[in-house]
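I opened the notebook to record what I looked up in this model, chain by chain. The entries follow the order in which I checked things.

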Amino acid sequence: MSEIMLATQSVRKSFGSLEVARDVSIELPRGARHALIGPNGAGKTTLINLITGQLAPDGGRILLEGVDITHAPVAARVRRGLTRTFQINTLFPDLTPLESVVMAICEREGKAAQFWRPLTSHGDAIDEAHEILARLRLADEATRTTRHLPYGKQRLLEIALALATKPKVLLLDEPAAGVPKDESAMLFSVIDALPEDMTILFIEHDMSIVFTFASRIIVLVAGGVLLEADPDTVRSDPRVREVYLGSAHGH
Amino acid sequence: MIGNLAIVLFDGLAFGMLLFVLSVGLSVTLGLMNFVNLAHGAFAMLGGYVTVLVTRELGLPFLWSLPAAFIVAALVSVGFERTLFRRLYRAGELNQVLFTIGLVFAASAAAAYVFGTAQQPIQLPQFLRGVTEFAGLRFGSYRIFLIIIALVITGLLVLGLEYTRFGAQIRAAVDNQRAAQGLGIDVDTVFAVTFALGSGLAGLGGALAIEMVGLDPSFGFHYLVYMMIVVSVGGLGSIAGSFVAASLLGIADVAGKYFVPDLGAFMIYLIMIAVLFLRPQGLFGKR
Amino acid sequence: MTTPASSTADNHAWLRRQARWSPYELAFWLAVLIPFWVFPTYLTLASQIAITALFAVSVDLVLGYAGIVTLGHAMFFGLGAYAAGLLTKAGWGEPLSGLVLSGLLTALVGLLVSFMIVRVQHLALLMITLGLGLLTAELANSLGWLTGGTDGLQGVDVWPVFNHFEFDLWGYTAYAYALAALFVGVAAARRIVHSSFGLSLRGVRENLNRMPAIGSPWRRHLQIVYTISAGMAGIAGAVLTHTTETVSLDSLSFQRSADVVVMLILGGTGRLYGAILGAAIFMIARDQLSDMNPQYWYFWIGLLLMLVVLFMPKGILGGLSGLLRRLGG
Amino acid sequence: MIARIAAALTLGVGLAFSAQANAQDTVKIGLIMAYSGPFADTANQMQAGIDLYIAQHGDEVAGKKIEIIKKDTGGPKADEAKRLAQELVVRDGVDILAGFTLTPEALGAAGVADQGKKFMVVMNAATSIITEKSPNIVRTSMTIPQLNTAFGKWAFEKAGVKQAYTLVADYAPGHDAEKSFAKGFTDAGGKIVGADTSPMGPPDFSAFVQRIKDASPEAVFVFIPGGAQPPALGKALAQRGLTPPDVKLLAQGELTFPEAIESMGDTAKGIITTFNYTMERDDPTNNAFVKAYREANGGRSPDIYSVGGYDGMHLIYEALKKTGGDTSAEALVEASKGMSWESPRGKMTIDPETRDVIQSVYIREVKEVDGKLQNVVIDEIPEVKDPLHGMAN
């Protein structure tokens, strides 16, 4: 059995009377390529917010490599190797991709507070940033201002920023949101090429992409885990069909 | 002793109510329209000078000058809103700050030029002068009048925002401008009217302030800080918040000076810092 | 896939270019020497512009680079001014060490205040900085035995710089001294801005929400820059004490806090030189306008501020560089 | 780009660069005051006094033309005042520094008068130590201890007040007033039963007035700056019944400025104040001055600031006549020492030792005269000197 990198144990969260996470317990083994699916409002992004610490759970525990991080601040989790991307671009509009990624690397290395050292003296960080940007096909745009990049490139930069933190566990919240279909396949091929031992959980709506890239699928409905299984099982599960059909016709 | 306490609370409340009338308009425009209008105090000053003109030059009674102060401040402000401020709604806070502080500079200089730098005394009607005795205590008649006016304004504002069609339109436009537009609400007009209402209240506050704190060309600067304290402590856009914050600050200021005179100057600031550190969104703020 | 057009060497070069002293900067620092020969009767004004510019640069570090809008920075300026003044009264009138000590003291106070500052944002931040500034001013007033109250500190006696250059009536020494302080301040600010730390500050300003998600201890960053800025503001205040041998309550006033922010926005935030330009334009305009019309000059200042917002929303330096870019194609 | 900005800036300064006309036949007087800002009214009244004097006496003295240069500090700003003084000396080449409505500004500029060897005439700022800062400084207004020490003594001896409560504004002049009134009063045998200082913020005095009422003193002594505070305090006192005749109300004259009396109405009746100038004092010199002043200023009446400016110009004119146009600080100070004249305020003399004014301190009471409330002189303490000089050190 491979080692469990990330686990949630009976995580609960409510907003008033609305339960957005109901005893969610999931486990991600090292190198996982898990997809998190479910109808709108199922609580997928909320779950990611709970895992990464943007939201505090009402109950339950979150473990990273067996260590309880339930009450750790967001940044501390990132430094332990748990990183996410955002469904809505959360970038630095007036910085270039190069600057953004170098910044993230310097933060990771604990060098960001060295106000007396010129940025250019962090040669390794600049080289590594180039490597990350090249891997995400952003090398040509490295020195263009982020706000002027095409949308698809900005989505790639979302991932580049996350990669710069050297995550052990990477949570991708709809990485291809708003990207045309042909581009999103490209985007996922980039994700697919990430190191094998990196543990990845992604939210995605396009089922063909999910079935192509995910090794296991977690189905979330109304804040609770309906099913966790391999793609074939999920594909044939009547409850999943019902949920998706039901939700398609429901409102 | 109980009597003294009652008097101190009463005086503090009256001072707080003056702050409330001066500030509530700013809370509305800042909270609802996200427009940092540091010129709010300048509209208050305008209202004050209108009162001086109406009572002294036209010889009309003080009570008549109050609606005049409201209307003139509202009309002038809506002129500015239509021609200048509206260009700044998307310009960022810093630019709004710079522009409106520039307006305060200009307004203050204009007031000094037109009215001179001297204090402007006004004559109150007989029934507002002196004191009203009640249960053996002497309450300033003007202060009673101020408290009543503030309560009436609070009532009207709350009713207007909660129960009228226009109030609903304002709330809709604030929540989501685009959606409100889609519903056929004329957001432009809603903003203009809201702005006029807010500035009109400032003008009324300026008129009411003369008797308590005087009026000279530096009024717009001088009371800006107090207005911002009330607005931030109360919470942006909250009428009840402004009311509670103004009462709290007025009472704490007077009570502080009464019981611990050495701390008198510090009291308002200490309370503000404490409140905002514990509740950055203010007492009644939503964000 | 073809080899990428850009290489990591290009990136190194690009980053180096960002941090390089531009010819414009060099020309600027040469130009500020002109008053010594051409306008010797304006040196006192020039020295006060340099002091205010240093103060504005310190505010730019927190406001322009880290996004902390402060309305209470005169607190540090005034503390530095009083620290320098009290030091001379205590018998130590040597200016350079006085600057260092005043700067260290205000930095320490800045560090203490920073624990509070980084926990709040937006209007609450603005109002807390303002409140702390007002409290400090009131405190200085009530500590009359120490500060001299509204009369100001009496008996400030500054020794000549390097034991040789007296602060003269014309202001030669004052301008040279203030200019040197400004240059050192800008050089230090430049270094900070072009460090990895400066990059992280811009990150905080650009998108605070993302910073924790890349593992950044951004609150600590803000504390560091706030502390540095407080020290720099304190040094500016100390320079004022040394060059004028006066310290008064207005060095702590809300008006000074507000004026410096106005100057900074006027010149353009987040550019360092915008702070200098804003201070220069504001103070020269005030000097000239108030000479023409001592009673109503601020009408024209108000008009200037409004026109700048309408026609140069990124400040004067922002507007000029935009104009230049368009002209250059 | 920055070079261009710098060039544009220096060009701008160059245009404004005024030629240093150092003609032998003019005397330049640099006036440093807070013409703008919260104390603008003081400066405007003083300027009106100065203008009136020049209008009445011409702008030529001892064969030289008088030229006035006005500088605004927007203050109280000590550093601005010092800079402006320096620039007046080195750029405009003034011979005399004058004005100074506010103490910190006078103190800021004092060093320049000393270093630049210029005659400096303080026309208002009222803290004792100013004239000790340089031998080149002469004052034509008054000092707070001068008025209030005498007033304290008077209150005990003449008004029969045995115990008093003091309330002063929380700034240096207020503290000076509290100390000097208490000194004069207690030295004579009176007792201070309570002392409060009120912050300079919004003029809401209700808390302090209640404290006074709790102490139920026989008399209250008050010192607050002119402007918005006097009417607010007057009304607050009246609301608590702390007005004459129930309680004696003593104050320095700012409390009963005409605007304040108008705003207070009948409650002002009976307030006793001390000042070195009283507009209503019936005296031919004063009556002519008041009439001319009102004519020149659209009906606005003169106050102590106006007289400070008016007498300051008189001092400058007469000193220049004595020196025959010599503008050196030494000569002008020598000429000023012991100079004595009939001012609208009455007889005043420049003390040759302290260079401060020796003058009458007036005690006035607000009374109704011809249906109008005004200050009426009820007593005069002649030839009062500042009591602090030589004591501070």
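I began with chain A and chain B, which do not touch; their nearest C-alpha atoms are 16 Å apart.

**Chain C against chain B**

Next I took chain C with chain B. Here I found 28 residues of chain C in contact with 29 residues of chain B. Which helices of chain C each supply at least two residues of the side that touches chain B? I listed α7 (122-142), α13 (254-267) and α15 (298-311) of chain C. The largest share, nine residues, comes from α7(C). I sorted this side of chain C by class: 22 residues are nonpolar, five are polar and one is charged.

**Chain C against chain A**

I turned to the contact between chain C and chain A. It takes 34 residues from chain C and 42 residues from chain A. On the chain C side, I noted five helices that each supply at least two residues: α1 (8-19), α9 (172-193), α10 (196-206), α11 (210-213) and α12 (218-244). Of these, α10(C) gives the most to the side touching chain A, with eight residues. By class, I read 13 nonpolar, 15 polar and six charged residues on the side of chain C that touches chain A.

**Helix pair α5 and α6 in chain C**

I moved inside chain C. Helix α5 (residues 74-89) of chain C packs on helix α6 (residues 95-117) of chain C at an angle of about 140°. Their axes are 9 Å apart. α5(C) and α6(C) are therefore oblique to each other. I logged the crossing of α5(C) past α6(C) as right-handed.

Which residues meet? From α5(C) I wrote down seven: Phe76(C), Leu79(C), Gly80(C), Ala83(C), Ala84(C), Leu87(C) and Thr88(C). They meet residues of α6(C) that include Gly98(C), Leu101(C), Ser102(C), Leu105(C) and Val109(C). By class, this contact of α5(C) with α6(C) has eight nonpolar, seven polar and no charged residues.

**Helix pair α4 and α14 in chain C**

I checked a second pair in chain C. The axes of helix α4 (residues 43-65) of chain C and helix α14 (residues 273-292) of chain C come within 8 Å. They cross at roughly 140°. That makes α4(C) oblique to α14(C). The crossing of α4(C) past α14(C) is right-handed.

On α4(C), I marked contact residues including Leu45(C), Ile49(C), Ala53(C), Val57(C) and Asp60(C). Among their partners in α14(C) are Ile276(C), Gly278(C), Ala280(C), Met283(C) and Asp287(C). By class, the contact of α4(C) with α14(C) has eleven nonpolar, three polar and two charged residues.

**Sheet in chain A**

I traced an open sheet of six strands in chain A, in the order β6-β7-β8-β3-β9-β10. The pairing is mixed. Which strands are at the edges? I found β6 (82-84) and β10 (224-229) of chain A there, each pairing on one side only. Neighbouring strands of this sheet are turned by 20° against each other on average, direction ignored.

I looked at one pairing in detail. Strand β3 (residues 33-37) of chain A and strand β9 (residues 216-221) of chain A pair in the parallel sense over four bridges. The bridge partner of Leu36(A) in β9(A) is Ile218(A).

**Sheet in chain D**

Chain D also gave me an open sheet of six strands, with the order β2-β3-β1-β4-β5-β6 and mixed pairing. β2 (60-61) and β6 (137-139) of chain D stand at the edges with a single partner strand each, so one side of each is left without a neighbour in the sheet. Strand β5 (residues 119-122) of chain D runs parallel to β6(D), joined by three bridges. I noted Val121(D) opposite Val138(D) in β6(D).

**Confidence in chain A**

Last, I read the confidence. The mean pLDDT of chain A is 90, and 97% of its residues reach 70 or more. Where in chain A is confidence lowest, and where highest? It is lowest in helix α9 (residues 238-250) of chain A, at a mean of 66, and highest in helix α3 (residues 97-108) of chain A, at 96. Over residues 247-251 of chain A the pLDDT is below 50. Beyond near neighbours in sequence, I found one contact for this stretch in the model. Where pLDDT is low, the predicted coordinates should not be read in detail.

Note on methods:
Residues are numbered from 1 along each chain as its sequence is written. Chains are lettered from A and ligands numbered from 1 in the order in which they are written. This is a predicted model: local features need pLDDT of at least 70, side-chain atom pairs count only at pLDDT 80 or more; totals for chains, interfaces and linings use all residues. Two residues are in contact if their C-beta atoms, placed from the backbone, lie within 7 Å. Ala, Val, Leu, Ile, Met, Phe, Trp, Tyr, Cys and Pro count as nonpolar, Asp, Glu, Lys and Arg as charged, and the others, Gly among them, as polar. Axes are lines fitted to C-alpha atoms, for helices over the stretch in contact, and angles run from 0 to 180 degrees between N-to-C directions. Angles under 35 degrees count as roughly parallel, over 145 as roughly antiparallel, 65 to 115 as roughly perpendicular and the rest as oblique. A crossing is left-handed if the near helix is turned anticlockwise from the far one by less than a right angle, and right-handed if clockwise. pLDDT is the predictor's confidence in each residue, from 0 to 100. Two strands pair if DSSP finds at least two bridges between them.
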